[in-house]
Amino acid sequence: MTSYQRGIFAIIATAWFFDSMDLGALTFVLGPIRQSFGLSTSQTGLLSSMSFLGMFIGAASAGVLADRFGRTRIFQVSMIFWGLGSILCGFASSVETLAAARVLLGFGMGMEFPVAQSMVSEIIPANQRGRYIALLEGFWPIGFIASGILSFAVLSFADWRWVFILQGIPAIFVLIVRRYVPESPRWLASHGEAARADAVMSEIEAKVSQRLNGAPLPAPVPQSIDQQQSHGLSTLFAPGYARRTVMLWCLWFFALLGFYGLTTWLGALLQAKGFAITKSVFYTILISLAGVPGFLTAAWSIEALGRKITLIGALLGAAIACYFYGAAADQTQLIVAGLCMQFCAFGMWSALYAYTPELYPTQIRATGTGFASAIGRVGSLIGPSLIGFILPTAGQSGVFALGAGAFVTAALVVLVLGEETKGRTLESISQ
């Protein structure tokens, strides 16, 4: 592990941070949008699901494209889409045009997530890979909190449109990615481009050696690998991968149904309890602060204890906290349960993102990760809409019971079908 790799990680993580700000914005402005267009609860739920429809399309297509055309090229294209989508949200003149802009925004986000996961997993050594992917996911709660702070500041003197416009501007960061992030040598080698892979590695080695004042680098240790041929999507269900694919698809579906179903509505649910818009935004930011120690704890746990136990513990913890959040009788109970819920939920995210790309070989890593993410987006598409229909009849206790049940189901899937990958190289896992 070198400072060069940490620099590449920092660039990818910064792009992830900006992306997460855009995704989290709806949590804080859904209430004002609902008032602006006079939407019912079911209409609000459908609107909040539009970005997840885009994410489903983006995640499913980006994985295949990244495995065919390369990681960095698709990563750059994704940033252009989400930046443009965010700005168009700010200029939406009707709820229909806003919904269309949210689909475009979600498409860019859905493209970025699986590609970024694959890029980081392919440049980090095995003994630190899980920790760094967990840290990458940690930029999601940081971006979420930053989005809340921006929304809190903007809503005090302007309307919700400016939140989206301001958050679309950082897409220009694509120029930094284009200049400094190289193509994955693993991807190049897996596509028979040995000369380009060697050139990228030579450039990396030269930069590392330069930072070490010309000191010689350790000689690479060859590994004997039984190279398996990929046959596209069919490989996801080939012997050795079918069980992993079923496990990941179920895990992503139920985990994201619970998480986004609740998180997207947090601000609006607080407003339904009688809190003013700015007050609800403040409380949502407050409980989201627990996401920072949540992902840091997960980053330690996945290397110290393993992926499976970290995922199961975070999911069950989130389920328990959901129950108490829905049953909270006063403000103190609400905040304490909310802090616990976000601590576990963001820890779950870190473990989920670390675990998924490890289970597939390089030739289909982005494809496998992308389709797992896409199935998860089906859950996140259903979640907010489902809550929009449940809330009027079952109330907030029913909403949080739904979230808790989804988290418990995801934990059981990992317990029964999951396998441990801690400390293993990507090549050894893929055999």
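**Exercise 1.** State how much accessible surface the chain has and what share belongs to carbon and sulfur atoms.

*Solution.* The accessible surface (Shrake-Rupley method, 1.4 Å probe) comes to about 16,300 Å². Of this surface, 67% belongs to carbon and sulfur atoms. The model is predicted: local features need pLDDT of at least 70, side-chain atom pairs count only at pLDDT 80 or more, and totals for chains, interfaces and linings use all residues. Residues are numbered from 1 along each chain as its sequence is written, and side-chain values use heavy atoms, with hydrogens and water left out.

**Exercise 2.** Determine which residues form the nonpolar patch on the surface, and which helix gives the most to the patch.

*Solution.* The patch consists of Leu316, Val408, Leu412, Leu415 and Val416, with about 420 Å² of accessible area together. Helix α16, residues 365–417, gives the most, with four residues. Helices are DSSP runs of H or I with at least four residues, and strands are runs of E with at least two, numbered from the N terminus.

**Exercise 3.** Classify Val408 as buried, partly exposed or exposed.

*Solution.* Val408 lies in helix α16. Buried means under 20% relative accessible area, exposed over 50%, and partly exposed in between (1.4 Å probe, protein chains only). Val408 has 33% relative accessibility and therefore counts as partly exposed.

Definitions and conventions: Patch = residues over 30% accessible without salt bridge, like charges linked within 9 Å, V, L, I, M, F, W, Y side chains within 5 Å. Salt bridge = Lys/Arg side-chain N within 4 Å of Asp/Glu carboxyl O.
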